[in-house]
Amino acid sequence: MASPPRTARPADYPQLDTGEKIVAEAALGRDLAVLTNRRLVVSGRNVEQSLPLANIGLVRVRFERSVRAIVIGAVLLLAAVVLASLVGPVRGAINGQIVSLESAPRAEQSQAEPGALPPATQVIGTLLRALLAAANLMSPIALLLGGLGFVRLALGALGETIVSVSAGGAELVYSKWGRDAALRDFVAEVGRSLPAPARPG
């Protein structure tokens, strides 16, 4: 096999032992997977996992889209549209109630200035203004819901390329957004490098 294309090597690129040769490399999100003639190494900013090829029982790769994320994203987008459509009518109705309340005849109270609103009417007015302030928050909330919904929908539709490595009785799972043909080729190369009779799934 020809020498693999080298990715930009990070400062924490795995150190190779004497006689160890790189067979293939692939990006795993922010991490880097390196296959040598002796081991599989996943190196990142905060961790490095090294698996001798003799300890790897099975390596698999699959692509899947998240139906759950797509559904949640669609529901959030729908909620954002409904909320945004209610902003105008709700604010209009509350403003109408406030205007109606303030223009109503004012009963004079014995302990209040002439023309002052009755205490009950003042309380209702305060509650209506509080509701209006809450209604004014509906627009930014709708925008936030729409943004979250779009992100969830986009990521769910984009999907993930997922790599599973069975080694020493444990299964390690790595993933990368999108359909990654290079990562699939890398996994196939790992499978070919495993001691017989192990094969990629």
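## The cavity and its lining

Helix H4 gives the most to the lining of the largest cavity, with four residues. This model is predicted. H4 spans residues 181–193. E3, strand E6 (160–167) and H4 each supply at least two residues of that lining.

How many cavities of 30 Å³ or more does a search of the whole structure find? The search finds one. The largest cavity holds about 70 Å³ of space. Among the residues that line the cavity are Leu28, Ala33, Leu40 and Val42. Val59, Val163, Val165 and Tyr174 are also in the lining.

## The whole chain

The protein has four helices and seven strands. Read along the sequence, their pattern is β-β-β-β-β-α-α-α-β-β-α. The protein has 201 residues, and 32% of them are buried.

Now take contacts between residues at least 6 apart in sequence. Of these, 55% join residues at least 24 apart.

## The four-stranded sheet

Four strands form an open sheet. Their order is E1-E2-E3-E4, and the pairing is antiparallel. Which strands are at the edges? They are E1 and strand E4 (48–52), and each pairs on one side only. Neighbouring strands of this sheet are turned by 15 degrees against each other on average, direction ignored.

E1 covers residues 22–28, and E2 covers residues 31–36. Six bridges join these two antiparallel strands. Ala24 has Leu35 of E2 as its bridge partner. Glu25 has Val34 of E2 as its bridge partner. The hairpin of E1 and E2 has two residues between the strands. There, Gly29 takes a positive phi near 65 degrees.

E1 is mostly covered, with six of its seven residues buried. H4 lies across E1, E2 and strand E3 (39–43). The helix runs at about 145 degrees to E1.

## Glu20, ahead of E1

Glu20 sits in the segment before strand E1. Is Glu20 buried or exposed? Its relative accessibility is 8%, so Glu20 counts as buried. The cut-off for buried is under 20%.

The side chain of Glu20 makes a polar contact with the side chain of Thr36, at 2.7 Å. Set aside the neighbours within four places in sequence. Glu20 is then in contact with Gln15, Thr36, Asn37, Arg38 and Arg39.

## The three-stranded sheet

Another open sheet has three strands, in the order E5-E6-E7, with antiparallel pairing. Strand E5 (56–64) and strand E7 (170–177) stand at the edges. Each has a single partner strand, so one side of each is left without a neighbour in the sheet. The twist averages 15 degrees from one strand to the next.

Eight bridges join E5 to E6, and the two run antiparallel.

## Putting it together

The lining of the largest cavity draws on E3, E6 and H4, each with at least two residues.

Conventions
Residues numbered from 1 in each chain as written. Predicted model: local features only at pLDDT ≥ 70, side-chain atom pairs only at ≥ 80, totals over all residues. Heavy atoms only, no water. Buried < 20%, exposed > 50% of the residue type's maximum accessible area, 1.4 Å probe, protein only. Polar contact = N/O pair within 3.5 Å; in protein donor to acceptor, adjacent residues only side chain to side chain. Contact = heavy atoms within 4.5 Å. Pairing = 2+ DSSP bridges. Axes fitted to C-alpha atoms, helices over the stretch in contact; angles between N-to-C directions. 1 Å grid on protein atoms, 1.4 Å probe; cavity = no way out; pocket = protein on both sides within 12 Å on 5 of 7 lines; lining within 4 Å. Points joined across faces, edges and corners; volume = space filled by probe spheres on them.
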